[in-house]
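These are my notebook entries on one structure. I record what I looked up, entry by entry.

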Amino acid sequence: MYVDGFLLAVPTDRIEDYKKMAQTAGEVWMEHGALSYVECIADDVPYGELTSFPRAVQQKDGETVIFAWITYESREARDAINEKVMADPRLKDQMDMKDAPFDGKRMIYGGFRTLLEF
């Protein structure tokens, strides 16, 4: 399995905008072959002394942390699916990030090979 992970800060007054965007994105990724698409909102995420989720995204007052991931059969499947997703017209406006409900410069993301799974 292969996983794309995302961590970002979203203004609390834009959560519904973010949820709408994520709903569309999730539908698109799943239609193009992702195994799962998960978006989580911070619930028990303390601000750490040295490091933490809020510190990682430089969370500001009035923001909350979103932790999300998408799973795929393999990296090759991910690459093929993402190519289709990026070309999907339903996400065209979202991908330019002009009106995104979060600061994309503070988003952390990356691809991961599965080390262990139960």
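**Entry 1: glutamine 58.** I began with glutamine 58, which I found in the loop between H2 and S3. Here helices (H or I, at least four residues) and strands (E, at least two) are DSSP runs, numbered from the N terminus. The phi of glutamine 58 is near 50°, a positive value in a residue other than glycine. I then looked up its accessibility: glutamine 58 is exposed, with a relative accessible area of 53%. Buried means under 20% relative accessible area, exposed over 50%, and partly exposed in between (1.4 Å probe, protein chains only).

**Note on the source.** The model is predicted, so local features need pLDDT of at least 70 and side-chain atom pairs count only at pLDDT 80 or more, while totals for chains, interfaces and linings use all residues. Residues are numbered from 1 along each chain as its sequence is written, and side-chain values use heavy atoms, with hydrogens and water left out.

**Entry 2: serine 52.** Next I turned to the loop between strand S2 (36-41) and helix H2 (53-56), where serine 52 lies. Is serine 52 buried or exposed? I noted that serine 52 is buried, with a relative accessible area of 14%. A polar atom of its side chain lies 3.1 Å from the backbone nitrogen of glycine 48. A polar atom of the serine 52 side chain also lies 3.2 Å from the backbone nitrogen of arginine 55. Leaving aside residues up to four places away in sequence, serine 52 touches Pro46 and Tyr47; contact means heavy atoms within 4.5 Å.

**Entry 3: helix H1.** I looked up the length of H1, which has 17 residues and reaches 24 Å from its first C-alpha to its last, close to the 24 Å expected at 1.5 Å a residue. The expected span is 1.5 Å times one less than the number of residues. Which residues of H1 are buried? I listed Ile15, Tyr18, Met21, Ala22, Ala25, Gly26, Val28 and Trp29. They cover an arc of only 165° around the axis, which puts them on the same side of H1; the arc is that of the directions from the helix axis to the C-beta atoms. The face turned away from this buried side carries the exposed residues Glu16, Lys19, Lys20 and Glu31. After H1 comes glycine 33, whose phi is positive, near 120°.

**Entry 4: the core.** Last, I looked up the largest nonpolar core, which has 21 residues. Such a core is a set of buried Ala, Val, Leu, Ile, Met, Phe, Trp, Tyr and Cys residues joined through side-chain atoms within 4.5 Å. H1 gives the most to this core, with 7 residues.

Terms used: Polar contact = N/O pair within 3.5 Å; in protein donor to acceptor, adjacent residues only side chain to side chain.
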